[in-house]
Amino acid sequence: MASSEAKFAPIGALRGGLALMVLGALMAWGPIGSVPRWAWLATLCVGGLLTAVALGIRTLRG
């Protein structure tokens, strides 16, 4: 049986992934021109990966 922390791990990963995607979008769009392209691209990619993993886990659990 999974612990209570393990049951809520996909929810935390989903929240973190969505937050990183929003942060990456703000870094790409925002008026701050000093953010390097690799930084906001990496943030978007990591956020997308976390979101995909969290949704996959939730789908497999049923």
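Me: Which residues of helix 3 are buried, and what do the buried residues of helix 3 pack against?

Reply: In this predicted model, the buried residues of helix 3 are Ala39, Thr43, Gly47, Thr51 and Ala54, and these buried residues pack against helix 2.

Me: Why does Thr51 count as buried?

Reply: A residue is called buried when its relative accessible area is under 20%; Thr51 has a relative accessibility of 11%, and therefore it counts as buried.

Me: What does Thr51 touch, leaving aside residues up to four places away in sequence, and what does its side chain reach?

Reply: With those sequence neighbours left out, Thr51 touches Leu14, Gly17, Leu18 and Met21. Its side chain also reaches the backbone oxygen of Gly47, at 2.8 Å, and since the limit for a polar contact is 3.5 Å between N or O atoms, that distance lies within the cut-off.

Me: Why is Gly12 called partly exposed, rather than buried or exposed?

Reply: Gly12, which is found in helix 2, has a relative accessible area of 43%. Buried would require a value under 20% and exposed a value over 50%, so Gly12 falls in between and is called partly exposed.

Me: How far apart are Gly12 and Thr51, in sequence and in space?

Reply: Gly12 and Thr51 are separated by 39 residues in sequence, while their C-alpha atoms lie 9.7 Å apart in space.

Me: How do you know that the length of helix 3 agrees with what its residues should span?

Reply: Helix 3 covers residues 37-61, and at 1.5 Å a residue its 25 residues should span 36 Å. The expected span is taken as 1.5 Å times one less than the number of residues, and because the end C-alpha atoms of helix 3 are 36 Å apart, the two values agree.

Me: What makes Val22, Leu26 and Trp29 a nonpolar patch on the surface?

Reply: Members of such a patch need over 30% relative accessible area and no salt bridge, with nonpolar side chains joined within 5 Å; Val22, Leu26 and Trp29 form a patch of this kind, and together they have about 380 Å² of accessible area. Leu26, one of the three, is found in helix 2, which runs over residues 9-29.

Me: How many helices and strands does the protein have, and what percentage of its residues is buried?

Reply: The protein has 3 helices and 0 strands, in the order α-α-α from the N terminus, and buried residues make up 16% of its 62 residues.

Key
Residues are numbered from 1 along each chain as its sequence is written. This is a predicted model: local features need pLDDT of at least 70, side-chain atom pairs count only at pLDDT 80 or more; totals for chains, interfaces and linings use all residues. Side-chain values use heavy atoms; hydrogens and water are left out. Helices (H or I, at least four residues) and strands (E, at least two) are DSSP runs, numbered from the N terminus. Buried means under 20% relative accessible area, exposed over 50%, partly exposed in between (1.4 Å probe, protein chains only). Patches are made of residues with over 30% relative accessible area and no salt bridge: like charges are joined within 9 Å, nonpolar side chains (Val, Leu, Ile, Met, Phe, Trp, Tyr) within 5 Å. Accessible areas come from the Shrake-Rupley method with a 1.4 Å probe; for residues, only the protein chains shown count as cover. A salt bridge is a side-chain nitrogen of Lys or Arg within 4 Å of a carboxyl oxygen of Asp or Glu. A polar contact is a pair of N or O atoms within 3.5 Å; within protein, one must be able to donate a hydrogen and the other to accept it, and residues adjacent in sequence count only if both atoms are side-chain atoms. Contact means heavy atoms within 4.5 Å.
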